[in-house]
Amino acid sequence: MDDRSASPGKPAPRSDGLRNRVRLVAAARTALESGERVSLEAIARTAGVGIATLYRHFPTREALIEAVYSVELDAVADSASGLLDGLRADEALRAWMDVYAAFVIKKERVADTLRIGLATGRIAAVDTRSRITRAVQELLTAGAADGTLRADITADDVALMLHGVLSSVSHAQDQTQTDRILELAMHALRSPDVAPR
């Protein structure tokens, strides 16, 4: 996890250390998005730090990938609030589904590394489901309040449904099919008397 808080008995991280960490994670995100296996030395160079600094923050490639995953997961979960600022709740949920779908597709590129790291204990378990469920709950609560989403569904059920749907369609990477499936999901989640705009 990308936990930057100091542990009891340990000094708080220095601001230049935090900046280096953020730059390293950003460089690793760019490298992962390219789809090519980029060396840790290249990531350190892109971040403007030495390889020793990279290893001080991330002793293994798996630790760096976990940090990228955690930052991206936070961005997905946090995006729900921003979408609700400008959209009706059902529209915000549908837009958030697209954000989540893009995350799942990107995660597939590093899925083997994440699975191996979790199985061996080299990567700490990232609490993906609870973060996603909290975001869905925020959207459902807003939808119940404005009448655009059904009030009789749980965030846990929606998160599980989306995980199943997106895990299946992400392998095909057919955006048209993904859009159709997500529209079907929205049909089940909207209040019966609300039409999509």
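The structure is a predicted model, in which local features need pLDDT of at least 70 and side-chain atom pairs count only at pLDDT 80 or more, while totals for chains, interfaces and linings use all residues. Residues are numbered from 1 along each chain as its sequence is written, and side-chain values use heavy atoms, with hydrogens and water left out.

The protein chain contains 9 helices and 0 strands, where helices (H or I, at least four residues) and strands (E, at least two) are DSSP runs numbered from the N terminus. Its pattern along the sequence is accordingly written α-α-α-α-α-α-α-α-α. Of its 197 residues, 41% count as buried; buried means under 20% relative accessible area, exposed over 50%, and partly exposed in between (1.4 Å probe, protein chains only). A contact requires heavy atoms within 4.5 Å. Among contacts between residues at least 6 apart in sequence, 68% join residues at least 24 apart.

The interior may be considered next. In soluble globular proteins, nonpolar side chains tend to be buried together. A nonpolar core is here a set of buried Ala, Val, Leu, Ile, Met, Phe, Trp, Tyr and Cys residues joined through side-chain atoms within 4.5 Å. The largest such core has 29 residues, of which Leu93, Trp96, Met97, Tyr100 and Ile132 touch the most other members. At least two residues of this core come from each of helix 4, helix 5 (89-109), helix 7 (128-146), helix 8 (155-172) and helix 9 (175-189). Helix 5 gives the most to this core, with 9 residues. Apart from this core lies another, of 17 residues, among them Leu24, Ala28, Val49 and Val68. Within the largest core, Tyr100 is one of the members that touch the most others. Not counting residues up to four places away in sequence, tyrosine 100 touches Val76, Ile132, Leu162, His163 and Leu166.

Charged side chains form a second theme. Side chains of opposite charge can pair when their charged atoms come close. A salt bridge is a side-chain nitrogen of Lys or Arg within 4 Å of a carboxyl oxygen of Asp or Glu, and by this rule the count comes to 9. Arginine 94 is buried, because its relative accessible area is 10%. Arginine 94 forms a salt bridge with aspartate 98, the closest N and O atoms being 2.7 Å apart. Both residues lie in helix 5, 4 residues apart, about one turn of the helix. Aspartate 98 has a relative accessible area of 33% and is therefore partly exposed. The side chain of arginine 94 also meets that of glutamate 183 in a salt bridge (2.8 Å, N to O). This pair links distant parts of the chain, with arginine 94 in helix 5 and glutamate 183 in helix 9, 89 residues apart. Glutamate 183, at 37% relative accessibility, counts as partly exposed. Arg94, Asp98, Asp179 and Glu183 are linked in a network of salt bridges.

The loop between helix 7 and helix 8 holds leucine 149, which counts as buried because its relative accessibility is 2%. Its C-alpha atom is separated by 5.8 Å from that of leucine 189, 40 residues apart along the chain. Leucine 149 touches residues including Ala89, Leu93, Leu140, Met186 and Leu189, not counting residues up to four places away in sequence. Arginine 150 forms a salt bridge with aspartate 152, with 2.9 Å between the closest N and O atoms. Arginine 150 is partly exposed at 29% relative accessibility, whereas aspartate 152 is exposed, with a relative accessible area of 56%. The C-alpha atoms of arginine 150 and alanine 188, 38 residues apart along the chain, are separated by 8.6 Å. Alanine 188 lies in helix 9 and is partly exposed, with a relative accessible area of 36%.

Arginine 61 lies in helix 4 (residues 61-86). Arginine 61 is buried yet has no salt bridge, and the nearest side chain of opposite charge, glutamate 41, is 6.6 Å away; Lys and Arg count as positive and Asp and Glu as negative, while His and the chain ends are not counted. A polar atom of the arginine 61 side chain lies 2.7 Å from the backbone oxygen of valine 38. Not counting residues up to four places away in sequence, arginine 61 touches Arg37, Val38, Ser39 and Leu40.

Methods. Polar contact = N/O pair within 3.5 Å; in protein donor to acceptor, adjacent residues only side chain to side chain.
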